[in-house]
Amino acid sequence: MLNQLFAKLEGYYDEMVSIRRYMHQHPELSFQEYETAKFIYSYYKKLDIEVKGNVGGNGVVAIIHGKLPGKTVALRADFDALPIQDEKDVPYKSLVPGIMHACGHDGHTATLLVLAKALNECKEELKGTYVFIHQHAEEYAPGGAASMIEDGCLDGVDVIFGTHLWASEPTGTIQYRTGPIMAAADRFEIEIQGQGGHGAQPHKTKDAIVTASQLVLNLQQIVSRKVNPVEAAVVTVASFTAQNAFNVIADKAKLVGTVRTFNEEIRGFIEKEMERIIHGTCYTSDCTYKYTFVRGYPAVVNHANETEFLISCAKEVPEVKTIEETEPQMGGEDFAYYLQKVPGTFFYTGAKPMGENTTFPHHHPKFDIDENAMLIAAKTLGTAALKVHE
């Protein structure tokens, strides 16, 4: 059965590439992926595969029922793009100004669509049920996973698998990790209200820029002096805004940034510690403040049994040359919500472009992938979907 599936996937590789390139040329931002969702929905309709649109928003869910009894396995791919101008010189460059697939979601979608097509042609021999979750809005919290789950995409599902095409690693590499593999991704905003005035009369003002500058430094002490060094955490101030004329002392300043953690206890501690430091810093400067901490996705925590199972499945794929445990990544992923509901694992499929001296990172204007990695991802996910019934 596995060899049959592999042969079908290899036969449809050109179609997989074509789908990926079409999507790359026609990207849509998170929560605005209307045409993309229609494309996915129509693909399944043409194959006469059971499909439901508008799941939790723009999500699409397709289902294949095997002829024989078995478990229900879900496979997930995301399909939103990013607000980045595509700077690659390739025939499939984005046709939408300021928007591009800079994270591989186009490849994820093409992989899952063609895998579903191949499995559907084998359904007379399949055990169990196969759920294909095409998720919108992974890039922007609150994301699409939670709303799709609420709308029933995991109903009856016994196990779930997902992969991310990983352009920093060579094609032929599968990276896994038991436990936390990606961090909780939170966002904060701090607005400091002082009292502006003439730049030549600082004694008559409450300088919001000085207070905000002190705060940036004070916040660095949370990770360096308050968090156990064996735990991973990040507090990043990514934006500092206080625009004024050259001779005006600012009355307002705004800081925006992110917090990344794996441990829920530390996540809560940092949220409260930030408030304490903000309060103290502003108090000493006689300024007021507004603090907003927005919780994004929780950490992606892989289940042990399913991760070990995935490793055994990757060994069945001839194109997989390296299977290795990876370090936790501080990036976030709302696949975390699926794993909070059902057992499963999320892994990386190496997709480093071949022949490139410079590999551009995810979310870069020149980001690209080795499209051969899609076939490896399809075979690995397909193997897991079939062998879970053994």
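Modeller: At the start of helix α7, a side-chain oxygen of Asn263 comes to within 2.7 Å of the backbone nitrogen of Glu265, a polar contact (N or O atoms within 3.5 Å, one able to donate a hydrogen and the other to accept it; residues adjacent in sequence count only if both atoms are side-chain atoms). This is a predicted model, with pLDDT of at least 70 needed for local features and 80 or more for side-chain atom pairs, while totals for chains, interfaces and linings use all residues. Residues are numbered from 1 along each chain as its sequence is written, and side-chain values use heavy atoms, leaving out hydrogens and water.

The helix itself (a DSSP run of H or I, at least four residues; strands are E, at least two; both numbered from the N terminus) covers residues 264-285. Its 22 residues reach 32 Å from first C-alpha to last, close to the 32 Å expected (1.5 Å times one less than the number of residues).

Just after α7, Asp286 takes a positive phi of about 60 degrees.

For reference, helix α4 (residues 105-120) has 16 residues and reaches 22 Å, close to the 22 Å expected. In α4, 16 of the 16 residues are buried, so that helix is largely enclosed by the rest of the structure.

Key: Buried means under 20% relative accessible area, exposed over 50%, partly exposed in between (1.4 Å probe, protein chains only).
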